[in-house]
Amino acid sequence: MAKTTKKETLDKKNTAKTETSRSWKPNKQQRFVLGCLLVLFSIALLVAFISFYINGQSDQSAVSQLGDRTEVVQNWLGKFGAFLSDLIVYKGFGLAAFIFVRLFFLTGMFLALELSLKKLKNIWFWDLFAIIIVSVLFGFFATSAPELGGTIGYELNLFSQDYIGKTGTLLALLFGLIVYLIFKIKLSPEKIQSYFDSTKNDIKSELSALKTPAQTESAYNLEEFAVEEPDEELDNIHLKTEDTQFEINKEALKPTISNSSEIDLNPILKPLQMNINPVTPTPVHTEEFVVEKPEEEDIIEENLASRLVADFGLFDPTLDLSNYKFPTIDLLKEYSTGGITINQEELEENKNKIVDTLRNYKIEIAQIKATVGPSVTLYEIVPEAGIRISKIKSLEDDIALSLSALGIRIIAPIPGKGTIGIEVPNKNPTMVSMKSVIGSAKFQEAEMELPIALGKTISNETFVVDLAKMPHLLMAGATGQGKSVGLNAVLTSLLYKKHPAEVKFVLVDPKKVELTLFNKIERHYLAKLPDTEDAIITDNAKVVNTLNSLCVEMDNRYSLLKDAMVRNIKEYNEKFKSRKLNPEAGHRFLPYIVLVVDEFADLIMTAGKEVEIPIARLAQLARAIGIHLIIATQRPSVNVITGLIKANFPARIAFRVTSKIDSRTILDTQGADQLIGRGDLLYTNGNDVVRVQCAFIDTPEVEKITDFIGGQKAYATAYLLPEFVGEETGINLDMDISERDTLFREAAEIIVNAQQGSASLLQRKLKLGYNRAGRLIDQLEAAGIVGPFEGSKARSVNILDLSALDQFFNNEQN
């Protein structure tokens, strides 16, 4: 027995040493030292490689005799440099070996400056790809100079030519170059075309500048004021207005611009009048109108979360579902045509109406800039000096009347810009698909705990927020304006980004039809109470137990954080994954829990205070331990969302409402009453208000995603919340039989005969006061004869007749 014990002890020590060696990670100082070493090594390689090509083959004979100290070499790095040059350049990749200098230098800088290593992996992949291509390319063309392509490039070239010949080898090399240019340098046919177009325009502009002044003056004639049909052969189109002439690039007038929302108008201000007098022209005040074009947003075709599944350190909570695959982006449908449709005539018409309306009230404008969004165009105006902002803001209804719009919204001033914004709905709004939002680089590369892609802003940028930073979200709006679609967008974002081990959902759906599709992912992502059939709660009576169970989970998690001496769930999980917390002491990996409640007003109407108290506790305390609330309601009035709850929901989303009072109730400011519906929303997190077009996701898309996830291996059950045991109804009930009232049995007989448990009945029958009758009811409840308090309704009676009551008392005496 002693020998066996000793062997087990040695095995445990060896296992501990192995785990310690595996868990080693370089600290800040070690990363810096290693980074400096790689940077210096890259410089040494550069010196050795340059010296190799300058000194030629003179060191080749000395490479094999590196042990002989008398041997003299010409390499600037000595014998070590001669050996490296021979190994990497001559026997390796030739001139392509210089790319290794760049690789080691960048790796050292990334380590020393503590930059993210995700980008470094991409750099290594494409640089190694370029090394192979360049080496084989030099081996193909420079067969007489083997040091240019290296031995590897020369042999790979011969190997390729033996099987596919010279022509096939050349075509393969060209294909490799094309792949590198497209995926690494992001070269595309559109960029090449735009380069030649810009060159052509520059040549034409230089030729036009050579025109004589007489030719320029002859261009002013009466025919210029007629708006002509644009000639396809011309590169510039002149649009005439009353007092301003704009020169607009023809490319900007294409009906659709993919992945952009704004175009550039370069204004050329020329004084024009109907009666032309070339000698003394009458000056007319002009305003500058600019339409901006933002940078195009990159679209990522694969779900990056699938590449980050195993990035959890030593302990990986995803090991139970290690083969889990994230849903692919092609499950989503592309509804739009690939870009925002820009109606140039509509832009000019709205601009002129805004200018004319403001001029009627003697408000002059120095500049107008239009930003075209999916459903709304923002006109930013800069008024002349001395114009009061409140004067422009008061003209909201007048501008809406002149534009014949559904409703405009004036932002005076726009925070951080120093301009005044007028948001005008587009006549033909563009639908924002969930696919374009999920596939955007901003969402795929978001380093957030719980990233949510809501949609696109007015400048056509994907709007991504972190639910963990909110920390709770209140969604409100009139019926049919997009709340349920917004909830689906939130849930879909988390499904595309988080592993089932990282997040769990508690879904409350009083409508019974909005969230039922998520039943298919019950054993992956949903959480529920023990001994319940459905994870999605549709019965309001069961919501109270679930909310109280979440409060118990919250208290349990705070106890774990206290024992671990950390302040939030992120620090706790990092400590647990680094194996600094013992599971035998009750510690475990804590997933985030997201409580989603649809139609919260219906819940308050049926459950009232029983729901309000746990919701208030969760809203106040649950943010640090990873429980976040998303509540949707039609109108968060005082009787639905109390001040205590509302104070803990700084992040709010307002869809369209019917009145300014409702808008102030939701956002504490007006503006939600001017939205156009169909997913148009305002988002605020206590600071600025952002207008977003919510991404649209239809029921078939949600069904495809849930089918994809539900068809994979899952946990044995859904995530089980702690069981909640209801407390007694506020009064410490007497359970001692000896202290029962002398009228206890008589009162029990009266209650059983009447099959109605109420204190007033005992008052009338036994001629008692209310206090004594109330104590009798409490004792009857403690004995199990009557049920708990049910508000204005009478208590239920658990014993059917007097014979059953006699048997009950006989059992008590025995």
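Student: Which residues does S484 touch, not counting residues up to four places away in sequence?
Tutor: This is a predicted model, so to speak: local features need pLDDT of at least 70, side-chain atom pairs count only at pLDDT 80 or more, and totals for chains, interfaces and linings use all residues. Residues are numbered from 1 along each chain as its sequence is written, and side-chain values use heavy atoms, leaving out hydrogens and water. With contact meaning heavy atoms within 4.5 Å, S484 touches K511, E514 and D598.

Student: How far apart in space are S484 and E514, C-alpha to C-alpha?
Tutor: Start with the chain: 30 residues separate S484 and E514 in sequence. In space, C-alpha to C-alpha, S484 and E514 are apart by 6.9 Å.

Student: Is S484 buried or exposed?
Tutor: Buried means under 20% relative accessible area, exposed over 50%, and partly exposed in between (1.4 Å probe, protein chains only). S484 comes out at 14% relative accessibility, so S484 is buried.

Student: What about cysteines: is C551 buried or exposed?
Tutor: The same cut-offs apply here. C551 has a relative accessible area of 5%, so C551 counts as buried.

Student: Which are the edge strands of the open sheet with 9 strands?
Tutor: Strands (E, at least two residues) are DSSP runs, numbered from the N terminus, and two strands pair if DSSP finds at least two bridges between them. The order is β12-β11-β20-β19-β18-β13-β17-β16-β14, with mixed pairing. Strands that pair on one side only are the edges: β12 and β14.

Student: Which residue in β19 is the bridge partner of A654?
Tutor: Strand β18 (residues 651-654) runs antiparallel to β19 (residues 680-684), and 3 bridges join them. In β19, A654 is partnered by L682.

Methods:
Helix = DSSP H or I, 4+ residues; strand = E, 2+ residues; numbered from the N terminus.
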